[in-house]
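Student: Hi! Could you walk me through this one?

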Amino acid sequence: MMTRSNKMDFEQLYEIIFRIYTDCNVTEFPIDCFEVVRRCGYRIKRYSELTPKKKEACMRLSPDACIVKDTLYYQDQNIPERTRFSVMHELGHVFLQTPVEETADTFSSHILAPRIMIHKNGCQNAEQIHETFGLSYTASNRALSDYRQWFTGISRRSPRTPLAVEQKLESMFRPLPEEPASRPSRRRPAKKRLTKRQREMDERAAFFQEQRLIYGEDYVFHMLEEQWLCGNAP
């Protein structure tokens, strides 16, 4: 059984939930339970469409939902919140490979309303959990009580942070904001202050280049030098 006192089991639970969210492309709450079931490879049938004999057999297994071979059967006369919880409960039996009902309930509660997401969505009461995650009021009250234990546990932990896998799950819905692109500076580049000697050298180089363009590279350097000094360009 997975309990909060057993850290390794609780961490394993969220590793499984994170993998399901990733593989089934869960991107919003309330999660689409039937889409998750389909992506896990199961067909879906309602109790109301079964033959009386088959429906009776399913009801003996569970009045709410059951998985037999490759098919999920569910009671479509229940309220939607109970149906969603029952469907995830059945997946809990499969993924945790356990016959324990309480453990499957724990799986269902956490996959439908991860405690870190209750926190990040700012849910303060059962009503808000019910509206955000689609749990029944009974399940919402239990999730709220468990969330408070979760928060207290983090407050006493050092460092005071959720498990790494919980943070990974949170990042699927609340990715870290990208750093804004730096704006190009509007400041004009500072002009290079030239000394009198540097200005003369620049003017001289420009003059020599101009003469070479006119007379070619064979133009005698000393003639350029003399013309520059005398200030009598041809």
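We'll look at a helix pair and then at some salt bridges.

Tutor: This is a predicted model, where local features need pLDDT of at least 70, side-chain atom pairs count only at pLDDT 80 or more, and totals for chains, interfaces and linings use all residues. Residues are numbered from 1 along each chain as its sequence is written, and side-chain values use heavy atoms, leaving out hydrogens and water.

Student: At what angle do helix α4 and helix α5 pack?

Tutor: About 115 degrees, with the axes of α4 (residues 80-96) and α5 (residues 101-112) 7 Å apart. Axes are lines fitted to C-alpha atoms, for helices over the stretch in contact, and angles run from 0 to 180 degrees between N-to-C directions. Helices here are DSSP runs (H or I, at least four residues), and strands are E runs of at least two, numbered from the N terminus.

Student: Okay, new topic. How many salt bridges are there?

Tutor: The count comes to eight, each a side-chain nitrogen of Lys or Arg within 4 Å of a carboxyl oxygen of Asp or Glu.

Student: Which residue does Arg82 pair with?

Tutor: Asp64, at 2.9 Å from N to O. Arg82 sits in helix α4 and Asp64 in the loop between α3 (52-61) and β2 (65-68), 18 residues apart.

Student: Is Asp64 buried or exposed?

Tutor: Buried, at 15% relative accessibility. Buried means under 20% relative accessible area, exposed over 50%, and partly exposed in between (1.4 Å probe, protein chains only). Arg82 is partly exposed at 41%.

Student: And what does Lys120 bridge to?

Tutor: Glu170, with the closest N and O atoms 3.5 Å apart. Lys120 lies in helix α6 (residues 115-120) and Glu170 in helix α9 (residues 164-173).
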